[in-house]
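Please look over the sequence and the structure shown here, and then read the briefing that follows.

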Amino acid sequence: MTARAHELARGGRLPAFVYDLDGLAAHAAAVRLALGEVELYYAVKANPDPELLAVLARQVDGFEVSSGGELAHVARVLPGARVAFGGPGKTDVELRAAAGTHRVHVESPGELRRLLAMGVAADVLLRVNLDVPIAGASLAMGGGATPFGMDPAGVDECVSLLAGQEGVRLRGVHAHLASGLDADDLLGLAEAVLAYARGLGVTEINLGGGMAVSYADPADLFDWVAYGEGLAKLRRRGETLRVEPGRALTVYCGRYATRVIDVKRVYGELFAVVAGGTHHIRTPATKGHDQPVVPSASGEPVTIVGQLCTPKDQLAARVPIALAPGDVVEFAMAGAYAWNISHHDFLMHPHPAFSYVGSSTGGSCRSEPASGLATGT
């Protein structure tokens, strides 16, 4: 990836995202192996890049989408792929489209009523929000009053609505309660969800994602082996368990590469201003952390900022590397929640290029994608 970044720099094509497709393939294969009989879906919201989806399609059992746009995108890129449709605010148009997918994750009794009124056939999982402790989570999606999913009373109402009709079929439950948890904590949540599902009498359980990723210590990886072994012990004969990670699958395969425009000292602090910034890779600003910098020659600590007219456009603080105008800077862990969640057109700077290394593409490269979703060339 470093070689490709410098190649792009020589061609005047930075900033750019560079993806290691072989690295992604190897990581996904290792996750698939660790999970054994547990089904693996990829949460497309983490990164919908078509090249990444094509690599993941060889290892995953399906894809989780959260909008009609994501559904249409996956259908274009991977015709016939198995899809589960989630998301808390499905419109009627989206519900009709969702009815044709493998599973619909129903968020509320009101949503189910609208689906039933359409008279369409659909297989559904009821998204449950259990009131259970969620310690150590970086982001809580359940465990109490949140707008995601239903409490047990809401689930009971949905079960009553489904009785006496055959078009919309109850297949099980879905529970994504938190993000940023290690294997032990996720297994603890899985126990609670499984106990609830068994009490409801269903045998298909989607345990969601939420696997921890450390931007402070990229070498601190989620223990997929322990998680897979733990789920194997929890699973009962006849039960289908499913997980749907996003960030934890793709984050490590991507880098954001850019170049230094200016280096200056302000009240004794050293700053490097780079092309691009958080309008390309929003993660450090929203999560309040430094984006990991790929090591280079050591030097005086320097804070790396982008081109935007806001102090929040900071990529990393006091990094001990030597930087000068024209130097290439690479940020690791840029394979998820980077370009696709960023405010692309603030100040109307140019969009980044996208480049791929690995045998999967032979080294393809493309410019900014139309609507963020165009296929590679």
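**Strands and their pairing**

Strand 5 (residues 103-106) and strand 6 (residues 122-127) run parallel and are joined by three bridges, where strands are DSSP runs of E with at least two residues, numbered from the N terminus, and two strands pair if DSSP finds at least two bridges between them. The model is predicted, so local features need pLDDT of at least 70 and side-chain atom pairs count only at pLDDT 80 or more, while totals for chains, interfaces and linings use all residues. Residues are numbered from 1 along each chain as its sequence is written, and side-chain values use heavy atoms, with hydrogens and water left out.

**The barrel**

- Eight strands form a closed barrel in the order 2-3-4-5-6-8-10-11, with parallel pairing.

**Around strand 3**

- Strand 3 (residues 62-65) pairs in the parallel sense with strand 2 (residues 39-43) over three bridges, and G62 is the bridge partner of Y41.
- Strand 3 also pairs with strand 4 (residues 83-85) in the parallel sense, over three bridges, and F63 stands opposite V83 in strand 4.
- In a regular strand the side chains alternate between the two faces of the sheet.
- G62 and E64 point one way from strand 3, whereas F63 and V65 point the other way, and all are buried, that is, under 20% relative accessible area with a 1.4 Å probe and protein chains only.

**Crossover**

- Strand 2, helix 3 (residues 50-56) and strand 3 make a right-handed β-α-β unit; right-handed means that, with the strands pointing away from the viewer, the path from the first strand over the helix to the second runs clockwise, and a helix is a DSSP run of H or I with at least four residues.

Terms used. Buried means under 20% relative accessible area, exposed over 50%, partly exposed in between (1.4 Å probe, protein chains only).
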